[in-house]
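Visitor: I have just opened this one on my screen. Please walk me through it.

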Amino acid sequence: MIINHPLLGPRDAAEFVYLGDASLIERPDGFGENAEDAMYDYVYLRDNPAGQHRELWYHEQGDRSWLVVTRNTLTHEITAIELARDVARSKGRSR
């Protein structure tokens with residue numbers, strides 16, 4: 001599988017480490033109301049969808065950037081790639 005890195009161009013997926021669901025960017029407040037339940041859900045509960053899914057990938061053998069990759073889990077077709085920092089910043093502005 002080839003991941004078209006937004007800064008470096010096409011790279012083999014072997015250069016990356018897969019973390020999981022991109023919703024992990026939105027870490028809950030560990031000191032907020034119901035923090036224990038929220039952190040449990042954040043750490044242990046994961047969806048395993050079939051079809052389009054936003055995922056976190058770490059460019060371990062490259063520039064060490066985090067990417068949000070939108071990928072079809074059935075066909076492995078990649079439809080979008082964004083820098084995770086840009087995704088996190090855009091979420092922070094919408095609050």
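Guide: Happy to! One term first: contact here means heavy atoms within 4.5 Å. This is a predicted model, where local features need pLDDT of at least 70 and side-chain atom pairs count only at pLDDT 80 or more, while totals for chains, interfaces and linings use all residues. Residues are numbered from 1 along each chain as its sequence is written, and side-chain values use heavy atoms, with hydrogens and water left out.

Visitor: Got it. What does the secondary structure come to?

Guide: There are two helices and six strands, in the order β-β-β-α-β-β-β-α from the N terminus. These are DSSP runs numbered from the N terminus: H or I over at least four residues for helices, E over at least two for strands.

Visitor: And how many of the residues count as buried, as a percentage?

Guide: Of 95 residues, 28% do. Buried means under 20% relative accessible area, exposed means over 50%, and partly exposed is in between, using a 1.4 Å probe and protein chains only. The C-alpha atoms fill a box of roughly 45 × 30 × 25 Å along the principal axes. Among contacts with a separation of 6 or more, 48% come from residues 24 or more positions apart.

Visitor: On to charges. How many salt bridges does a search of the whole structure find?

Guide: Four. A salt bridge means a side-chain nitrogen of Lys or Arg within 4 Å of a carboxyl oxygen of Asp or Glu. One of them joins Glu55 and Arg71, at 2.8 Å from N to O. Glu55 lies in strand β4 (residues 52–58) and Arg71 in strand β5 (residues 66–72), so this pair ties together parts that are 16 residues apart in sequence.

Visitor: Are those two buried or exposed?

Guide: Glu55 and Arg71 are both buried. Glu55 has a relative accessibility of 0%, which is why it counts as buried.

Visitor: What else does Glu55 touch, beyond four places away in sequence?

Guide: Besides Arg71, the list has Tyr18, Gly20, Ala22, Leu67, Val68, Val69 and Thr73. Within its own stretch of sequence, the Glu55 side chain also makes a polar contact with the side chain of Trp57, at 3.0 Å. A polar contact is a pair of N or O atoms within 3.5 Å; within protein one must be able to donate a hydrogen and the other to accept it, and residues adjacent in sequence count only if both atoms are side-chain atoms.

Visitor: I noticed a histidine in strand β4 too. What is His53 in contact with, leaving aside neighbours within four places?

Guide: Its partners are Tyr18, Asp21, Val69, Thr70, Arg71 and Thr73. Tyr18, Val69, Arg71 and Thr73 also turn up in the Glu55 list. His53 sits in β4 and is buried, with a relative accessible area of 9%.

Visitor: How do β4 and β5 run relative to each other, parallel or antiparallel?

Guide: Antiparallel, joined by seven bridges. Two strands pair if DSSP finds at least two bridges between them. In this pairing, Gln52 stands opposite Asn72 in β5. On its other pairing, β5 runs antiparallel to strand β6 (residues 78–83) through five bridges, and Arg71 has Ile78 as its bridge partner there.

Visitor: What sits between β5 and β6?

Guide: A turn: the two strands form a hairpin with five residues between them, and His76 in that turn has a positive phi of about 70 degrees. As for β5 itself, six of its seven residues are buried.

Visitor: Back to salt bridges. Which other pairs can you name?

Guide: Arg11 meets Glu15 at 3.8 Å, N to O, and Arg85 meets Asp86 at 3.7 Å. Arg11 is partly exposed at 26%, as is Glu15 at 21%. Arg85, at 46%, is partly exposed, and Asp86 is too, at 39%.

Visitor: Last topic, the surface. Which residues make up the nonpolar patch?

Guide: Tyr40, Val43, Tyr44 and Leu45, covering about 450 Å². Patches use residues with over 30% relative accessible area and no salt bridge, joining like charges within 9 Å and nonpolar side chains (Val, Leu, Ile, Met, Phe, Trp, Tyr) within 5 Å. Tyr40 is in helix α1 (residues 35–44) and is partly exposed at 46%. The whole accessible surface is about 6,500 Å², with 48% belonging to carbon and sulfur atoms; areas come from the Shrake-Rupley method with a 1.4 Å probe, and for residues only the protein chains shown count as cover.
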